[in-house]
Amino acid sequence: MFRASILTLYPDMFPGPLGQSLSGDALSRALWSLEIKNIRDHGLGRHRAVDDTPAGGGAGMVLRADVLAAALDEIAKPDDPRPRLLMSPRGRPLTQARVRDLSQGPGVILICGRFEGVDERVIEHRQLEEVSIGDYILSGGEIASMVLIDACVRLLPGVMGASQSGQEESFENGLLEYPHYTRPREWEGLSIPPVLLSGDHAKIDRWRHEESMKLTRARRPDLLGQD
């Protein structure tokens, strides 16, 4: 079973969207499991402090290494094979290939950063892999963790209705997905492309590939330069 463990300062944010739709149905059917760990359980002193001022000065606060490590060690035992992922804007971009690889493994341990960041020592000594979902800044790693888990869970066996659904999507073949149409055949003067109504599957496949190429060239030419 795919096991997701999340370390966060805001446990009430979960399962959130993960409890709905495909991921929620799969969770109720025990196709994957979700464990939430409150980092503040290991906070220091009467106020359960989890952060401190940056060494060397500067704005904001930094999540302490000792606090985060204590919370992580309670979840991630030495023999736990799951990757330890820190959601961070400076991490490597999350790709569909990486998502597919993760979905085929035992699960993930996700650390949701907050404040200005996490003490570098815990990243190094607990071998955390930093992962980014895009070139922008969120208030914390919780939403990013939901994105990663949702992307993984939908690929698990038995989650999507048709196995082919996960194979003809954007990024699966290095291209953006082709346009989709459905009833009504005519809508506000616009028609479904005739080739899609022809019944000629070879022509339909060619049309879809050509449309994928056109969309990718126009919107994400960088994908065409990848192997």
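**A tour from helix crossing to pocket**

Start with helices H3 and H5: their crossing is right-handed (the near helix is turned clockwise from the far one by less than a right angle). You are viewing a predicted model, where local features need pLDDT of at least 70, side-chain atom pairs need 80 or more, and totals for chains, interfaces and linings use all residues. Residues are numbered from 1 along each chain as its sequence is written, and side-chain values use heavy atoms, without hydrogens or water.

**Stop 1: H3 against H5**

Select 96-103 for H3 and 142-153 for H5. Helices here are DSSP runs of H or I, at least four residues; strands are runs of E, at least two; both are numbered from the N terminus. The two axes come within 8 Å and cross at roughly 70 degrees (lines fitted to C-alpha atoms over the stretch in contact, with angles from 0 to 180 degrees between N-to-C directions). H3 and H5 are therefore roughly perpendicular, a label for 65 to 115 degrees.

Now show side chains. Val-99, Leu-102 and Ser-103 of H3 meet Leu-148, Ala-151 and Cys-152 of H5 (contact: heavy atoms within 4.5 Å). This contact has five nonpolar residues, one polar and no charged. Nonpolar covers Ala, Val, Leu, Ile, Met, Phe, Trp, Tyr, Cys and Pro; charged covers Asp, Glu, Lys and Arg; the others, Gly among them, are polar.

**Stop 2**

Most peptide bonds are trans, and most residues other than glycine have a negative phi. Select Phe-14 and Pro-15: a cis peptide bond joins them, omega about 5 degrees. Pro-15 sits in the loop between S1 (2-8) and H1 (21-28).

Jump to Arg-183 and Pro-184 for another cis bond, omega near 5 degrees. Pro-184 lies in the loop between H5 and S8 (186-187).

Then pick Gln-127, whose phi is positive, near 50 degrees. Its loop runs between H4 and S7.

**Stop 3: the largest pocket**

Select Met-87, Ser-88, Pro-89, Glu-116 and Gly-117, which lie nearest the centre among 25 lining residues. A pocket is an open set of 1 Å grid points where a 1.4 Å probe fits, with protein on both sides within 12 Å along at least five of seven lines; lining residues have an atom within 4 Å of a point.

The space is about 470 Å³. Colour S5 (84-93), H4 (120-125) and S7 (129-132), each giving at least two lining residues. S5 gives the largest share, five. By type, the lining holds 12 nonpolar, eight polar and five charged residues.

Methods:
Points joined across faces, edges and corners; volume = space filled by probe spheres on them. Parallel < 35°, antiparallel > 145°, perpendicular 65-115°, else oblique.
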